[in-house]
Amino acid sequence: MTSDSILLSLLIWLPIAGGVLVSIAGGANANRSRWLALAVSVLVFAVSIPLLTGYDAGAGTLQFQESHVWIAAIGANYHLGADGISIALILLTTFTTILVVLGAWDAVHDKVNQYMAAFLVLEGLMIGVFAAMDALLFYVFFEGMLIPMFVIIGIWGGPRRVYATLKFFLYTFFGSIFMLIGLIYLYLHAHSWELSQLTALHLSATQQAWLFFAFLLGFAIKVPMWPVHTWLPDAHVEAPTGGSVILAAIMLKIGGYGFLRFSLPIVPDACQQFAWLIIALSIIAILYVGYVALVQEDMKKLIAYSSVAHMGFVTLGLFIAFALMRVSGDTQAAYLGVQGSMVQMISHGFVSGAMFTCVGVLYERMHTRMIADYGGVVNTMPWFAAFWVLFSMANCGLPGTSGFVGEFMVILASFAMNPWIAAGAAFTLIIGAAYTLWLVKRVIWGEVTNDHVAKLRDINPREALVLGLFAAGVLILGVWPEPLTHLMDASVKHIVDQLLVVKS
Amino acid sequence: MNFNLHDLIVLAPEDFLLGATCAILFIDLFLKQSQRAVTHWLSIAALLGTLGLVLADHDPARLAFNGAYIHDTVAAVLKVFILGIVAMVFVFVRRYLAERKLFVGEFYTLTLFSTLGMLLLVSAGNLVMVYLGLELFALSSYALVAIHRDSGVASEAAMKYFVLGALASGLLLYGLSMIYGATGTLDLAQIRQVGGVGVNGLAQHPTLLAFGLVFVVVGVAFKFGAAPFHMWLPDVYEGSPTAVTIFIGSAPKLAAFGMAYRLLDSGLGSLAPHWSQMLAALAALSLIIGNLVAIAQTNIKRMLAYSTISHMGFLLLGLLNATPSGYAAAMFYAICYAFMTTAAFGVILLLSRAGFEAEMIDDFKGLNQRNPWYAFVMLLAMFSLAGVPPLWGFFAKLLVLKAAIDAGFLWLAMIAIGMAIVGCFYYLRVVKAMYFDAPADKSALVLPQDLPLRWLLSINGFALIALGVLWGPLIGWCYRAFGL
């Protein structure tokens, strides 16, 4: 068994051990818990930097591999590895966790040690999802994530938190357990849980179709795609700010990542066969859910629906690649589609995380998320308003922000397939602009509408730091996406090459 | 048939336990109530001594008493866990018994005799031995359920348990007699040889054998508590003192697995295609009834009783595979289940005090605020029972699902996972009560200074997560027991 590096193991277990430490050592001392959690999250981020610097982006293969026998009796391995795609998502995770810890500094007063511990454990499990190259190990991390999130929403959430967290848990559990049956089925044929072995397996068209739908249930609920998205608005609305940020910025990405790692390489023929279905669902998500977002009265709900619409771009980009292969064999455009999805995932991580943090900042001051309770915030909170407007622009996909890059690539790829699909997708830019700008108009601009708004204080340095870091991510990615695309370039090419393999 | 003194050495663990139990029974007569702790510690020492004898025995598999007693690794693994769990149960229940004036020698001697019955059951090599072991176990546990003589509920539970248990024993005995009639032998290994011929129509009474099989399956299903033979289980769980429930809910499941393995594989293995269909029906019913009815429960003991029914459905998924890897999966499941049960009931025991039984789900409200650590242990037990990774319970479910799909029962696996989602709901309700609800009584919880219980319970809870991450050695042991 090989072991190139223990970096990924360290990244998984360090936050988990840190979480245990915070929950025990923090005790009732809230400040000690906060500083400890911050130290752990910064340390984990520092440990994740060598992934970026040490990665040979030109090769695009799995690197930093580590493999040990886990359960010899059933052939499961503790196999970790990362390619460009995983590394981008792992860095997003470690970065966002710092901001979540910082963001909760003054917002959470109850059982701070447990709150911080839950987020650190969650961080370790999410990194595990992106690093696992063994299907059983992947599943363990994928499901294990639900436990801390369930607790986070349930303890520190809003008034309807119990309903929301049960719905979140049961909904996602429902999807992934069908995926488990699919994985067991694959294991019984391949006699291995290794992803590379599962990818190499020859499967008939019928087998692939069944497996495709098993995976679809698991990942579509996680993404979430229309029409299985209904858990998300509830979970987002009731979750504490940190929970919403992690949910939107990283957990949703795990669905997209799952499609990329499991559905595409393992059942390519079925993906090709059912690409129309996913494309249709994605277009519905983009258009219909966009309209739904327009009429929301709760800020968090609006952003949650906008997340569903934006994640529609991710699934559209992934599956447009299949349609392209079938129609024209246009590898270049297919590659653009997958690459665009990936950029969109990272970008949406920053933008949605930032938007939810902004709502959290307002909520801490006013204890309401209703749009109608606000108005003219710019008069009392000018700095905050500047950040909010920047993130809103990114949410509409304005050129120069990260939101533009991914959407543009996906629309470009769709155009190669069918101008009408591209038109449908592009239409979202208008709806997106409509609901986002209208939100800005009602909350930020205008005269001060009530006394509560008049008494608002502007953001403090800590909040400015959190929002500033998000803003830096949004702008750097928007102006200069080259480092990110270069990081994922070869890995995406590698995945697109796998799409050409006909297995049945 | 000749009696060979050497055979007794093969039975060294059972001999020792029998001797020790009789000695404890005798010593206990001369103890004052204030000295009852002696019985407690002697009983634990007896179990650990027996455990040591089982572990020390590295001899290869062999038979004793003309094949009536089988000494093999399957029996050894089951015995190790049965003895260990019963010893753990003794530590868990001491304070509970003392606070209810149930801290009496009878509890210990009855439990020890019951344990002896289980040891004989899992080593049984012929039909008579199966029946003897089963009855020794069952009769002792009927009495245990009724140990709280003044409690009407407990007496009612004991009566139900006894009547239904006697009925099941009768059915089983009837089935055994048919098998004896059809094959002309009581020895399980010989039944397997003759029975194999029976399927091919060469034996004289294939129909009789098939009928015998049906009755045996009913008897086994009753001992597991698999639906539709589960009626006794919720009442017994709820009605018994929690100290007895934790015993009945844990180790006997291992013994039931041992009995099923001996009868169905060692004895009627040639009829596997038939009984695996029957077990599939039982499993489907148990999964559906157990999980759906558990939703409606407000009493946590009763909820766990229905959850037991569903877990036995899962266990049957492994058994019906009828291959060594399926049996290993089922055995792994039984071991895992026993530890999850002791953790869950352990927390109930810890929270109970004189005059207060923490048996309603509402009694767990806000536990996280009053005592975060034991709330966390209960959380681990609940998520493990629900089968969420990375806890032990998930991997047990994974293996039995794999066994079922491997045997071609994909439809059953689909029912199982559908019901696992339902199961999640009621386990999460306990977590919800502990973590999300405000406690009725805000004061910090004064836990009894019962350090053995608190430490062992913590270790038990921790084992659910440790064995979830590192379950390789244990499943390796189970696989080796079945020659894989």
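## Chatting through a two-chain model

Me: Hi! How many residues does each chain put into the contact between A and B?
Reply: Chain B brings 23 residues to the contact and chain A brings 26. Two residues count as in contact if their C-beta atoms, placed from the backbone, lie within 7 Å.

Me: Which helices of chain B supply at least two residues each to that side?
Reply: Those are α18 (392-406), α19 (410-435) and α21 (472-481) of chain B. The helix α19(B) gives the most, with 9 residues. Helices here are DSSP runs (H or I, at least four residues), as are strands (E, at least two), numbered from the N terminus.

Me: And how does the side of chain B that touches chain A split by class?
Reply: There are 18 nonpolar, 2 polar and 3 charged residues on that side. Ala, Val, Leu, Ile, Met, Phe, Trp, Tyr, Cys and Pro count as nonpolar, Asp, Glu, Lys and Arg as charged, and the others, Gly among them, as polar.

Me: Before I go on, what kind of model is this, and how are things numbered?
Reply: It is a predicted model, in which local features need pLDDT of at least 70, side-chain atom pairs count only at pLDDT 80 or more, and totals for chains, interfaces and linings use all residues. Residues are numbered from 1 along each chain as its sequence is written, while chains are lettered from A and ligands numbered from 1 in the order in which they are written.

Me: OK, what are the ipTM and pTM?
Reply: The model scores ipTM 0.88 and pTM 0.92.

Me: What about the mean pLDDT of chain B?
Reply: Chain B has a mean of 89, with 97% of its residues at 70 or more. For chain A the average is 88, and 98% of the residues score at least 70. pLDDT is the predictor's confidence in each residue, from 0 to 100.

Me: Which element of chain B has the lowest mean pLDDT?
Reply: That is helix α8 (residues 188-199) of chain B, at 73, whereas helix α5 (residues 105-122) of chain B has the highest, 94. Where pLDDT is low, the predicted coordinates should not be read in detail. In chain A, the lowest mean belongs to helix α20 (residues 451-454), at 83, and the highest to helix α4 (residues 112-131), at 93.

Me: Switching to Phe383(B): is it buried or exposed?
Reply: Phe383(B) is buried, because 28 other C-beta atoms lie within 10 Å. The cut-offs are 20 or more for buried, 12 or fewer for exposed, and partly exposed in between, with C-beta atoms placed from the backbone.

Me: Where is Phe383(B) found, and what is it in contact with?
Reply: Phe383(B) is part of helix α17 (residues 372-386) of chain B. Leaving aside neighbours within four places in sequence, Phe383(B) contacts Ile147(A), Val388(B) and Leu391(B). Leu464(B) is 81 residues away from Phe383(B) in sequence, with 9.6 Å between their C-alpha atoms.

Me: At roughly what angle do α15(B) and α17(B) cross?
Reply: Helix α15 (residues 324-351) of chain B and α17(B) cross at roughly 145°, and their axes come within 9 Å. Axes are lines fitted to C-alpha atoms, for helices over the stretch in contact, and angles run from 0 to 180 degrees between N-to-C directions. Residues making the contact include Met340(B) and Val347(B) of α15(B) and Tyr374(B) and Leu385(B) of α17(B). By class, the contact has 10 nonpolar, 1 polar and no charged residues.

Me: Now chain A: how far apart are the axes of α11 and α15?
Reply: The axes of helix α11 (residues 241-266) and helix α15 (residues 331-366) of chain A are 8 Å apart, and the helices pack at about 165°. That makes α11(A) roughly antiparallel to α15(A); under 35 degrees is roughly parallel, over 145 roughly antiparallel, 65 to 115 roughly perpendicular and the rest oblique.

Me: How many of the residues in the contact of α11(A) with α15(A) are polar?
Reply: It has 9 polar, 6 nonpolar and 1 charged residues. Among them are Ser244(A) and Lys253(A) in α11(A), and Gly349(A) and Ser352(A) in α15(A).

Me: Last topic, the backbone. Which residues does the cis peptide bond in chain A join?
Reply: It joins Val223(A) and Pro224(A), with omega about -15°. Pro224(A) is in the loop between α9 (205-222) and α10 (231-238) of chain A. In chain B, the bond from Ala227(B) to Pro228(B) is cis, with omega near 5°.

Me: And what is phi of His191(A)?
Reply: Phi of His191(A) is near 55°, a positive value in a residue other than glycine. His191(A) counts as exposed because 12 C-beta neighbours lie inside 10 Å.
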